[in-house]
Each structure stands twice: as structure tokens, then as C-alpha cells.
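Have a look at the chain first, then read along with me.

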Amino acid sequence: MEAHDVAPAALRDQLDAAFDVALSQLKELADPLERAKVAHGLAGRVQDYGNEFQAVRNEAMNETLRVGRLNSTQLASELGISKGRVSQLAKGAPPERLFLGSGKVIVALAEKLEDGNDKNGKKKAVQGPVIATEDVQTYERLRELAEEVGLEVSFERIPLGGNVRLNRNNLVVICGPRLSPLIEQILEGDPHLRFGKDDDGWYLTDRNTGQIYRSPMDRGENSDIAYFGRLPRPDGKGTFLYVAGIHARGSGGVVHWLNQELATVHRELKARRFSTLISSHFDPETLEIVASEQITPFYRPEGA
């Protein structure tokens, strides 16, 4: 059952129970220094969660007013606050920020071993793990978008082997399935869209229509196709945003598209699971994305 199916009273009960257990265990720590250190760390975490709850509250207030369900006076009465406070809170950060996250967003970028040929055509020695230049550019564009809607963003490296910690909030993963068996397994749970590989390279398949999408880059064109979705965490307690082009350049197309469509996407999807494909074109000189479009519907898991 997803979070939006849980009754409000049940959510409060779950939070109260978790808090009571944590507080009880904290008080039982015998070492006062350890008790102080753990309490200090938990206080920071509680503040972080409080900020996230406030972001959700403000977005929901904004939406309630926008759709005309209640006016400011009625909403103030429902929440037990003043009308002026409603106006102050509802005019905060734009509601679409919650599509990306409700707290500090972490963008995880995959490392790979750099190889290939140098400018003289000679084989280069493997230098060690690096993050693709295209992925760094995608991160920078995503950071700019997130900051525009009032979110703080940082990035972390996914080490070789693709072992990324997925069970946390406000996570965006940019990592192709070939670099992470863990991600590859999670993608296999998508009943609609699927990565595949054959002798001609990687491709994406729309399992509803049977259409296969291969990257135009493999034909020498300045275009790529990317998978974009909100996928389930392994612990079953949330989701994370996932971006992966057939080639690294395609991931930037997703962010380019989100720059234009974030508000619309948030209104339609909120934090619900989905997957779709984004096609994009880039300038061969600057390698910047210049155009992008959604080429499949928003597919949703059954019952989600």
C-alpha cells in the first residue's frame, strides 16, 4: 500500500509509535556521552523531518487554495491558524518543488572506468574511476532547477559496481543499468518500459506497444533517448527518482524537459510512481541539450 492510501490517523499513529520507541531506547543508553551524541544527532534528524513536513503542508495549502476547495478564512479555521499565517505559508516555495524532494536533495552519479583513445588515436591507459562529463553537466542543470524552486542539492559518487544506498528520502539516481546490477534488478520490475542489450548495443522497449527505441547517437546523430521514472525503494518505504539515457548525454535531456514541464508533471503525478521516455537533441559543438520531448505516456504500476 502506498503512502497516499494510508488514513491520516494511521500516519499519526505510526509516527508517534516510532518516536516513542526511539526516545525510549535513547533514554536507556547507559553511557552519558554516547547518550548525548546520539540525542544530538537525532535532534538534527528531527529538525530535517520537520522541515520536510512543513514543505508538504505548505504545498498542500497552496493546492487547496488554488483549486478553490476552501478560501483562506476557511483553511485557517481547518488548520487552527490565522488567515495571515495561511497567506504567509501558502506563498512560500512553489509546490512543484515537491516533485524533486521536500528536503536536501542528493543526486547520486555513477563512477566508471575511463578508457578509449587519446587525440592521436592511441589507446589510453585506464586511469581509475571517473564520473562522465555528461553526467556532471546533467547534475549542474538539475542543481540549477532545484535551486530555482528553493531546494538545496548535493551530489555523491556511486562507486564501481553500482552499490548505491537507495533507502532514503530525496534521492535522485543517474546511473545506467550496465553500471549497477542493483538498479538493473529494480528496473526489471517495470511492467511497461525496459532496457535491453543485443549485438547492436543498448536500447529501450515499450512493452505495451512493442516498439523498440535505439539511440540515434548510434547512427551518428545528435540525439538520444532516456528512461525517467520514480522507482520503489528496496525497503518498500518510499521511492527515488531515476534518470538514465541510453548514452550519458540522454540524461541531460530529462532535466531539460523537466525545466519546461516540472509544474505540469507535479500536478499530474505528485510523488506517485511512474515511468516514461524522453527524447532529446544536443548541439554537437557545445554538447548542450537544445530540445527535448516526452515520447511515451506516463506509465503507472498497476494499482499505484
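Before starting on strands, I noted the terms: two strands pair if DSSP finds at least two bridges between them. Helices (H or I, at least four residues) and strands (E, at least two) are DSSP runs, numbered from the N terminus.

I reminded myself that this is a predicted model, where local features need pLDDT of at least 70, side-chain atom pairs count only at pLDDT 80 or more, and totals for chains, interfaces and linings use all residues. Residues are numbered from 1 along each chain as its sequence is written, and side-chain values use heavy atoms, with hydrogens and water left out.

**Entry: strand β10**

I looked up Asp-224 and found that its bridge partner in β10 is Ser-280. Strand β8 (residues 223–232) pairs with β10 in the antiparallel sense, over eight bridges. I then checked strand β11 (residues 289–294), which pairs with β10, also antiparallel, over five bridges. There, His-281 stands opposite Ala-291 of β11. Six residues separate the strands in the hairpin of β10 and β11, and Leu-287 has a positive phi near 65° in that hairpin.

How many of the nine residues of β10 are buried? I got eight, so the strand (residues 274–282) is largely enclosed by the rest of the structure. Buried here means under 20% relative accessible area, exposed over 50%, and partly exposed in between (1.4 Å probe, protein chains only).

**Entry: Arg-233**

I found Arg-233 in the loop between β8 and β9 (239–245). Is Arg-233 buried or exposed? Arg-233 counts as buried because its relative accessibility is 9%. Its side chain makes a polar contact with the side chain of Asp-235, at 2.8 Å. A polar contact is a pair of N or O atoms within 3.5 Å; within protein, one must be able to donate a hydrogen and the other to accept it, and residues adjacent in sequence count only if both atoms are side-chain atoms.

**Entry: the largest core**

I noted that a nonpolar core is a set of buried Ala, Val, Leu, Ile, Met, Phe, Trp, Tyr and Cys residues joined through side-chain atoms within 4.5 Å. In the largest one, of 29 residues, Phe-99, Leu-100, Val-107, Phe-228 and Leu-258 touch the most other members. Helix α8 (248–269) is among the elements that give two or more residues to this core, and α8 supplies its largest share, seven residues.

**Entry: His-266**

I placed His-266 in helix α8. His-266 is buried, with 3% relative accessible area. Leaving aside neighbours within four places in sequence, His-266 is in contact (heavy atoms within 4.5 Å) with Glu-59, Pro-95, Glu-96, Leu-98 and Phe-99.
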